[in-house]
Amino acid sequence: NITCLVKDSPEPPQYIFWYHNEESISYSSPRGGISQITEKGDITTSYLLVQNAGLEDSGQYSCRPDQTGNSASVSVHVQAITSKDPANWTVSRSTGAQLQSIGILFLYIFVTTFSPTCLTFM
């Protein structure tokens, strides 16, 4: 789950576009399991949901509202967790390893904001 907030916009954006490594995210791709939920208001919140995340889902994610050229980005590093006990967590280096419901680690997260529309990742 990656969250994008749009603040200080004269009106809520009609659409928020999501990108992975600068390519538009397709919600109907063969990979499946990717969806977006957007709640419009004074602060518009868009959630990008990535189910069954694997190592190939690591990379740069960006969101961009339709009425502005501004965008916000976050780098996501996905690691496979091999144990439910945090004391025993190790990283699997296998390409394409799938993560279980025990979690995804999001590392190297940073926030970028712009004016007049303010975009923030949570």
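What is the relative accessible area of Lys-7, and is the residue buried, exposed or in between?

Reply: Lys-7 is partly exposed, with a relative accessible area of 27%. The class follows from the cut-offs: buried is under 20%, exposed is over 50%, and partly exposed lies in between (1.4 Å probe, protein chains only).

First, the ground rules. This is a predicted model, so local features need pLDDT of at least 70 and side-chain atom pairs count only at pLDDT 80 or more, while totals for chains, interfaces and linings use all residues. Residues are numbered from 1 along each chain as its sequence is written, and side-chain values use heavy atoms, with hydrogens and water left out.

Lys-7 belongs to strand 1. Strands here are DSSP runs of E with at least two residues, and helices are runs of H or I with at least four; both are numbered from the N terminus. Strand 1 is mostly covered, with five of its six residues buried.

What lies across from this strand? Strand 1 pairs with strand 5 in the antiparallel sense, over five bridges. Pairing requires that DSSP finds at least two bridges between two strands. Thr-3 faces Tyr-47 of strand 5. Lys-7 itself has its C-alpha atom 6.8 Å from that of Thr-44, a residue 37 positions away along the chain.

Next comes the loop between strand 1 and strand 2, where Asp-8 sits. Asp-8 is exposed, at 59% relative accessible area. Its phi is near 55°, a positive value in a residue other than glycine. Most residues other than glycine have a negative phi. Glu-22 repeats the theme: it is not a glycine, yet its phi is positive, at about 70°. Glu-22 lies in the loop between strand 2 and strand 3. Its relative accessible area is 78%, so it is exposed.

Now the core. The largest nonpolar core has 16 residues. Such a core is a set of buried Ala, Val, Leu, Ile, Met, Phe, Trp, Tyr and Cys residues joined through side-chain atoms within 4.5 Å. Ile-2, Trp-18, Ile-25, Leu-48, Tyr-61, Cys-63 and Val-76 touch the most other members. Strand 1 (2-7), strand 2 (16-20), strand 5 (44-50), strand 6 (59-65) and strand 7 (72-76) each give two or more residues to this core.

There is also an open sheet of four strands, in the order 3-2-6-7, with antiparallel pairing. Strand 3 (23-24) and strand 7 stand at its edges with a single partner strand each, so one side of each has no neighbour in the sheet. Strand 6 and strand 7 run antiparallel and are joined by five bridges. Gly-59 stands opposite Val-76 there.

Step back to the chain. It has 10 strands and zero helices. Of its 122 residues, 38% are buried. Among contacts (heavy atoms within 4.5 Å) with a separation of 6 or more, 62% join residues 24 or more positions apart.

One caution remains. The mean pLDDT, the predictor's confidence in each residue from 0 to 100, is 74 for the chain, and 71% of residues reach 70 or more. Over residues 92-118 it is below 50, although this stretch has 75 contacts in the model beyond near neighbours in sequence. Where pLDDT is low, the predicted coordinates should not be read in detail.
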